[in-house]
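This report describes how some parts of one protein chain are arranged. Please keep the sequence and the 3D view at hand while reading.

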Amino acid sequence: MSLIKKIILTFFLFTPQANAISFQEHYCMSEAIYYEARNQPAIGQLAVGIVIRNRVRAKKWPDNVCGVVHEGYYYQGIPLMDRCQFSYWCDGKLEDPEDDKAWFKAERIAFLILTENITIEGMESATHYHEKSITPNWIIKFNKCATIGDHTFYCPKVTRISVKY
């Protein structure tokens, strides 16, 4: 087991709220925040995590963090290049965090998102985002709800998303 996974496991063993979430869900959320937003301020990382959590809660996407962040098109079990919901998952690079400080920050933010009902005003229903440097064609279907750091966030044009109960 890598040192990073040992640190995560230790974190879980000694944290009371850990019983509320699984190791795998926390790892997937941490991984997505790390690769999608590690160069962003904490609020930008929090915003990416909120998008993931909002998708988990919505009927349109898988009902777990790993399912949401690993969603995409696959061939023989391998994600197709640039055909995933979250670009880091199918960019052809190995997911092996090298910046320990940024990884630990992503872990803490992931834990907060998964254990608390925290949100950012205006992003309560945000389900999409992109880097400000690009303009994807799907944005016409959404309302812009925030710009934080290098990302622009979008909410569905309808004011509510379908939530699972």
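In this predicted model, helices α2 and α3 cross in a right-handed sense. By class, six nonpolar, three polar and two charged residues make up the contact of α2 with α3. On the α2 side these are M29, A32, I33, E36 and A37, and they meet G44, Q45, V48, G49, I52 and R53 of α3.

Two packed helices are described by the angle between their axes and the distance between the axes. For helix α2 (residues 23-37) and helix α3 (residues 42-57), the angle is about 130 degrees and the axes are 9 Å apart. An angle over 145 degrees would count as roughly antiparallel, and 65 to 115 degrees as roughly perpendicular. The two helices are therefore oblique to each other.

Next comes the sheet. Three strands form an open sheet, with antiparallel pairing, in the order β3-β5-β4. Which strands are at the edges? They are β3 and β4, each of which pairs on one side only. On average, neighbouring strands of the sheet are turned by 25 degrees against each other, direction ignored. Helix α3 packs on this sheet, where α3 touches β3, β4 and β5. The direction of α3 makes about 30 degrees with that of β5.

| β3 | 128-131 |
| β4 | 142-148 |
| β5 | 151-156 |

Strands β3 and β5 pair in the antiparallel sense over four bridges. H128 has Y154 in β5 as its bridge partner.

The structure holds eight aromatic pairs. One of them is formed by F86 and Y129: the ring centres are 6.1 Å apart, the planes make 50 degrees, and the pair is tilted. F86 lies in the loop between β2 (78-84) and α5 (100-115), whereas Y129 lies in strand β3, so this pair ties together parts that are 43 residues apart in sequence.

Another residue to look at is Y35, which lies in helix α2. Which residues does Y35 contact, leaving aside its neighbours within four places in sequence? They are Y88, L94, E95, D96 and P97. Y35 and P97 are 62 residues apart along the chain, and their C-alpha atoms are separated by 8.2 Å.

Notes:
Residues numbered from 1 in each chain as written. Predicted model: local features only at pLDDT ≥ 70, side-chain atom pairs only at ≥ 80, totals over all residues. Heavy atoms only, no water. Axes fitted to C-alpha atoms, helices over the stretch in contact; angles between N-to-C directions. Parallel < 35°, antiparallel > 145°, perpendicular 65-115°, else oblique. Left-handed = near helix turned anticlockwise from the far one by under 90°. Contact = heavy atoms within 4.5 Å. Nonpolar A, V, L, I, M, F, W, Y, C, P; charged D, E, K, R; others polar. Pairing = 2+ DSSP bridges. Phe/Tyr/Trp six-rings, centres within 6.5 Å; stacked < 30°, edge-to-face > 60°.
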